[in-house]
Every structure is written in C-alpha cells, then in structure tokens.
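Visitor: I would like to learn how to read a model like this one. Could you take me through it feature by feature?
Guide: Gladly. Have the view open and ask as you go.

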Amino acid sequence: MTDRDPNRVIIFDTTLRDGEQSPGCSMTPDEKLRVARALADLGVDVIEAGFPAASRGDWESVNAIARQVRGPIVCGLARCNRDDIEKAWTAVRDAARPRIHVFLATSAIHREHKLNMAKEEIIRTAAEGVGLARSLCKDVEFSPEDASRTELDFLTEVVQAAVDAGATTINVPDTVGYTTPQEFHETFAHLRRHVRGANRVTFSVHCHDDLGMAVANSLSAVLGGARQIECTINGIGERAGNCSLEEVVMAMRTREPVFGVRTGIHTERLYPTCRLVSSITGMPIPRNKAVIGENAFAHESGIHQHGMLRHASTYEIMRPRDVGLSRTNLVLGKHSGRHAFRERVKELGFELEEAELNRVFERFKSLADRKKELFDGDIEALVLNLDTESGGPWFLEVLDAVSRTGASSSALVRLRHADGGSLERRCTGDGPVDAAFKAIEELTGTPVVLRKFEVRSVSRGEDAQGEALVTVEYNGRLHRGSSVTTDIVESGVRAFLEVINRIELGRQSGRAGSEGRSEARVAQAAV
Ligand code: KIV
Ligand code: ZN
C-alpha cells in the first residue's frame, strides 16, 4: 500500500464511462456535468468522466468536467496507444487532480480473437502505454481487460510490467462477469503476494454483473486486499451492468466488522443521486432494488409490521435516512409557502440555487392548483425535470385527444414554431397517444420509429402525476425524451415533442441529433 490509510477504500465511479456506454443510457454534455457535480457532492474519490478518444463530443465532456468539477480525481480512459493516451491527457489535464486510465486485454480469447497479439507483445505494449501515460501524468491506472479469464501467471507478468513502468493503480476487471467471490479473492491475494512493488500501488476491482455477482465479487476483492472499487450509480453499465455503488458502499458500512474498511461516501446523498441518474438516463429504479428501491424499506406482512412497530431493527438493517430516504410523505398543497417548500426540497437531498428554486416553486404552485395533495415523489419529479422542459423550437399549444372503444381514436394537435406561426393537424390512430404522435410527425416533417413508450406514476392518489419516457429511432440513432404532468396522454405528447425538438436542433446544427439524449452507437462500440 501507499502511505494512505490502509482501511480506506477509494470509490471510483464510472457511471459516466462504463455506465453511459450501456444501451439507452447515453447522456448529453450538460447531463454529464450535472451527474459529475452530484457525484462530487456524494463524495466519490474518482470520477471516470469518459473515453476521450471515442469522439470529439466525449473529449469535450471529459474536458468540461475536468475544468468545472472540483473535489474528486477526474479520470479519462484510453486504449494502449499514443493517440488515445494523448487525447485522454489533454482532456483531463486541467483537473486539479487528473488521472489517465490505460487498458489492454490480456486473456487468451482476446489476444487471439480481438487483438491478434502474442503474450510478449501484450507485455511490451502495456509497459509502453503506461510509460507514456506516466510521462504525462503522475496518476496512472492500468487495467488488464478480461483479467478474470487470463492465465494467472501471465496476468501477474503483465501487472508486474505495468507496475515497473510506473502505474500507480492496478485495476483487475471481471469484464464479462464470470468470476466468483472465492476465485477473485484468490486472484487479489496472489497478485499482492507475487508482484514486486505491490505495496507501492493501489489494487482496484472492476466487476460486471452478468451472473448477478458484481457486488459480491467486489467485496471479496476488498477482503483480498483491493482498496479501490469501480462501480456505477444504480449499477448501470455494459450488458447486465456494473457493480452498484449504493449496494457495495452500504454493504461495507452495514457490515463494517466483517470488512474493516470505510469509504468517504456521504451515504445520505445516495438516494437523490440514484434518482437523478435514473431520471437522466430514463432507466427506472426497480421497486425491489437493494438499498434505494421503493420497497427496500416497505413492510407488508402483518408480522413484519408488528415487529417494526416494536423496534425498527427487527426487520431493518439500515435506516432509511442513512441512504437519503427521508421521505415522510408529508403532504404539501397550494397553501404551502415558499419556506416549507424550500425545506422539503432540502430534506429530499437537492441543493438548488435561488433561481432554480424560484422556477421549481412556480411549477409547484401551478401543479398545486390542479392536484389536491403533493407528495415527495411529485416534488422530486418537479426538481428532476427542471431541465427537461422543452426549449422549442416547437411548442405545444393545443392537444385535444379522444379515446374510443371499437373505433379509432383521434387527436388534434396545434404546434407553434419559434419562428412564428402555428400549425394544426388532426390524425386518427391506435389510441390517442398514437394519433397525437402521428400528428406531430406530420406537422414537424420528422418521421421517427417509436422504440419505447413507458408511463409510470411518480406519486400516489387518483390525481398522481405520470412520468412518460419516450425513445425513438431517427436516422439509425436512438433519442430519448421525458415529461411529467398529471395527464398521461399530455405527458406522452410532451415527451415525444421534446425528442422531436432535439432532433430538429441537431439537424439545424448539422449534427443530425448528436445533441440531446442520443446514442452515438459507433463511438460506444469503440471500447
Ligand atoms: O470491463 C472492463 O474490462 C472495462 C475496462 C476498460 C476497465 O471496463
Ligand atoms: Zn467495464
């Protein structure tokens, strides 16, 4: 180990790189910045901000985070070649504490089928890549990709070469989620025993969840001596995802005597951060998700409720407030004042600037005119959707939708364009939402393929707000939009219009929708 506290585990968050790489999770540069700020508030030690060589946009996002987010180390990923490493360096060098993360696959399967490289070449390339990165940056992480399926002796040789070349962190990835807790424990113990200079570097673990063991494997690596865990908010990531930050952190905290380690995470910020990432990526948090799911602290059976009434510890191993679930379901309404509203927003874990608070409060008042009672879920939705309100160029003026059983439904839509002038169209369809979407496509001249349409309630009661999430395909790219109102047809239509606006803005700037929540599939396929 280095001279830092031997019982302190570094939390390396890769939501913006490995998480963002997963299908349907891409984020705009602004959204990435928002998430990075939330991660800094959460207390993560390292933010892997992206893969700068993947595209110009990725480089810019990483650079913006390096310049604007203070606190955590800001890291950029690079393959083991000069161009990637130099791009990663120029993207992160403005950070107060920059890091370059270099990776190269080492398993026989990858050597033969992906890289077509012999073992000696892998060792040489890894050493050269780390050496180059070290000549630019004093903090360099090396990852032997697919380490868990690499021959242990060869893995040890590669790690030795990386340590000799100056790597300061050695990350051991279970790239395909294949290892088991016992096996990974032995891998870490072996590397720490056999690599010369192992006590000078930090060992790190990076697990995927293909067999549902990412958290268990990461914890086992900690018992084997790893002192950095790579993880993502809500466990988002390639395929089945990565090790979930909130789960692994709360496991170490709740079972402190077992693991004997601590992190710098402000756990009461977990829930707001998870909710933010869920709202931005459009990936809902499953109700039964460990630690932050809606049911994680719900007790249904009579026996459990009885026990809970006697003493919460009968059926709860963590306190809801420890993970930021301070939800009281205290009802606010149209007579609630600014002060009460501000306090509630704060208790829910959101830090808003004065101007933002004013905007949310205005929306709160207008919602309170339509809805009798406002619950925590409503307030969260108002805050989280603050930035998704469509900025045009198309604005919804009129929506008149009719649903009919046994006959086609219809919708009249009137849109106003920012350049002036309104257009109106009535269409029929398979339901009022379908009819309204058709009308919008025709009015805006933007034909898209609807890939996903989801609606969920964000709070309780007959007048609960409905959050609509829409994903469409246009010119081979996926684009997402979301909206929350008390009318689910209107929510769907506003979410759809948000997507159309993003596409139109992208067309105007000649980037065919590269702005907005769109997936640049080619760039993502590069890793
Ligand atoms: O899963 C993996 O191997 C990775 C590396 C790039 C660290 O994400
Ligand atoms: Zn990964």
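Visitor: Which protein donors does the zinc ion (ligand 2) have, and how far from it do they lie?
Guide: First, a caution: this is a predicted model. To read a metal site, list the donor atoms, then their distances. Here the protein donors are Asp18 (OD), His206 (NE2) and His208 (NE2). They lie 2.0 to 2.2 Å from the zinc ion. Water is not among the atoms, so the site may look incomplete.

Visitor: What spacing do the donors of the zinc ion (ligand 2) follow along the chain?
Guide: The pattern is D-x187-H-x1-H. Aspartate 18 is in helix 1 (residues 15–19), while histidine 208 is in the loop between strand 7 (202–207) and helix 9 (214–223). The pair therefore ties together parts 190 residues apart in sequence.

Visitor: Are aspartate 18 and histidine 208 buried or exposed?
Guide: Both aspartate 18 and histidine 208 are buried.

Visitor: In what order do the eight strands of the barrel run, and how do they pair?
Guide: For a barrel, follow the strand order and the pairing sense. The order is 1-2-3-4-5-6-7-8, the pairing is parallel, and the eight strands close. The twist averages 25 degrees from one strand to the next. Strand 1 (residues 10–13) and strand 2 (residues 46–50) are parallel, with two bridges between them. Phenylalanine 12 has valine 46 of strand 2 as its bridge partner.

Visitor: Which strands does helix 7 (residues 152–164) touch?
Guide: Helix 7 packs on the sheet against strand 5 (140–145), strand 6 (169–174) and strand 7. Its direction makes about 165 degrees with that of strand 5. Helix 4 (residues 82–92) lies across strand 3 (73–79) and strand 4 (98–105), at about 165 degrees to strand 3.

Visitor: Now a single residue. Where does serine 204 lie, and what does its side chain contact?
Guide: Serine 204 is in strand 7. Serine 204 counts as buried because its relative accessible area is 0%, and the cut-off is under 20%. Its side chain makes a polar contact of 2.9 Å with the side chain of glutamine 228. Beyond four places in sequence, the contacts of serine 204 include Glu141, Thr169, Asn171, Phe188 and Glu230.

Visitor: Which domains does the assignment give?
Guide: Read the bounds first. They are domain 1 (10–281), domain 2 (295–325), domain 3 (327–383) and domain 4 (394–508). Then check the spacing: the C-alpha centres of domain 1 and domain 4 are 39 Å apart.

Conventions: Residues numbered from 1 in each chain as written. Chains lettered and ligands numbered in written order. Predicted model: local features only at pLDDT ≥ 70, side-chain atom pairs only at ≥ 80, totals over all residues. Heavy atoms only, no water. Donors = N, O, S within 2.8 Å, 3.2 Å for Na, K, Ca; no water. Helix = DSSP H or I, 4+ residues; strand = E, 2+ residues; numbered from the N terminus. Buried < 20%, exposed > 50% of the residue type's maximum accessible area, 1.4 Å probe, protein only. Domains from an automatic or database assignment. Polar contact = N/O pair within 3.5 Å; in protein donor to acceptor, adjacent residues only side chain to side chain. Contact = heavy atoms within 4.5 Å. Pairing = 2+ DSSP bridges. Axes fitted to C-alpha atoms, helices over the stretch in contact; angles between N-to-C directions.
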